[in-house]
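Hi,

Here is the structure we talked about. My notes follow below it.

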Amino acid sequence: MENLQTTYLGLKLRNPLIAGSCGLTNSVSNIKELAKKGVGAIVVKSLFEEQIQIEAEKVIKNDTDGVSTFNMAPDTLLSKRIFDYEEAYSYIYDFAKRNTLGKYLSFLEEAKRSVDIPLIASINCVSNQDWHAFSKKIEETGIDALELNIYILPSDWRRSGEDNEKIYYDIIREVRNYVNLPISVKIGYYFSSLAQSIKKLSECGIKGLVLFNRPYNTDIDIDKIALSHGPVFSTSEEFTHTLRWMSILSGHTHCDLSASTGVHDYKAFIKQLLAGANTVQIASALYKEGFEVIPEILKSTSVWMKKHDFNSIESFRGKLAKSNLENPAAIERVQFMKLYSGIE
Ligand SMILES: Cc1cc2nc3c(=O)[nH]c(=O)nc-3n(C[C@H](O)[C@H](O)[C@H](O)COP(=O)(O)O)c2cc1C
């Protein structure tokens with residue numbers, strides 16, 4: 001096996017392949033197995049901001065003589081419809097938050113003890129509410145880094161791009177107030193000026209950006225005439241979107257870049273590294289191909305490196321970043337007349 005060592009978020013990794021946050025990184029046994037199969041690091045399943053709220057509502061529901069509060073928005077609950085005293089609500093809400101987090105913290109501690117590769121905790125956040133203090137507790141588990149998955153769909157026409165993007169900066173600033181852990185931020189691509197926003201985000205004191213999260217997509221069931229959801233797992237054709245942006249941005253950010261979405265085999269893995277990724281995350285491939293995909297990717301990458309005389313990841317990483325291309329415009333070409341008009 002060639003030398004695949006690298007660094008990410010200031011951490012030493014035996015290779016750049018990361019098991020991304022998903023349901024398979026939600027148990028200690030899977031985390032042990034993923035490490036055994038050879039991944040360089042693991043991002044554990046996210047703690048969701050909404051999950052904390054739902055837990056709070058459940059506790060409240062049990063304490064209110066069967067009055068259903070399950071579907072009520074936290075704001076409605078806070079309006080004291082159930083509790084005579086706001087303090088009573090606050091107490092139980094805080095208790096529920098601690099309880100949910102307590103389980104997550106114990107899991108992180110046990111998971112961290114059971115493997116000797118970097119383990120990255122994850123919080124899925126949509127707002128700059130009052131959850132930041134919990135990131136301190138996460139740090140105390142001995143975990144190596146924290147990934148913040150921030151996904152804001154800019155669907156409210158009353159809010160400007162600046163309003164939406166401010167949420168990212170506020171969340172990062174708040175979390176940085178509480179922890180010294182290396183922080184990475186996983187984002188989608190709904191920014192008014194993606195390259196500029198990513199550059200600005202990378203200058204906020206974070207150590208890494210994960211490009212990109214794959215949104216939960218809506219679909220329509222025409223038989224039931226109802227909403228349904230799109231495919232949960234990516235396909236192996238979906239890596240190209242991240243690849244373009246990786247190539248455009250690599251070398252221009254103040255933090256590491258981790259590629260995510262559509263990487264299912266060693267070819268897509270190598271392509272992301274050639275485009276400049278520091279690390280590459282996989283999730284759907286773990287579900288579709290099983291954990292065996294990990295040694296397959298690593299072994300085939302090693303064979304490819306040997307064939308091309310690369311003796312380290314750094315010797316080829318970023319070779320096809322836009323800034324290293326002879327014809328940089330090619331990576332930005334989105335309407336290719338010759339190709340489109342040549343297909344009949
Ligand atoms: C079943 C499933 C659960 C996921 N859960 C999380 C999660 O809790 N937090 C998160 O940041 N991403 C989550 N993701 C997103 C993945 O980490 C990843 O960003 C996305 O699936 C694209 O990568 P892929 O093409 O390798 O699947 C989940 C993905 C899947 C398929």
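Asp 156 and Arg 158 pair through their side chains in a salt bridge, 3.0 Å from N to O. A salt bridge here is a side-chain nitrogen of Lys or Arg within 4 Å of a carboxyl oxygen of Asp or Glu. Arg 158 is exposed at 69% relative accessible area; Asp 156 is partly exposed at 25%. The cut-offs: buried is under 20%, exposed over 50%, partly exposed in between (1.4 Å probe, protein chains only).

This is a predicted model: local features need pLDDT of at least 70, side-chain atom pairs need 80 or more, and totals for chains, interfaces and linings use all residues. Numbering runs from 1 along each chain as its sequence is written, and side-chain values use heavy atoms, without hydrogens or water.

The whole structure has 11 salt bridges. One of them joins Glu 292 to Lys 37, with the closest N and O atoms 2.8 Å apart. Glu 292 sits in the loop between helix 10 (284-289) and helix 11 (293-307), and Lys 37 in helix 1 (residues 28-37), so the pair ties together parts 255 residues apart in sequence. Helices are DSSP runs of H or I, at least four residues, and strands are runs of E, at least two, numbered from the N terminus. Glu 33 joins Lys 37 and Glu 292 in a salt-bridge network.

Next, Asn 124. This residue lies in strand 6 (residues 119-125) and is buried, at 10%.

Best wishes
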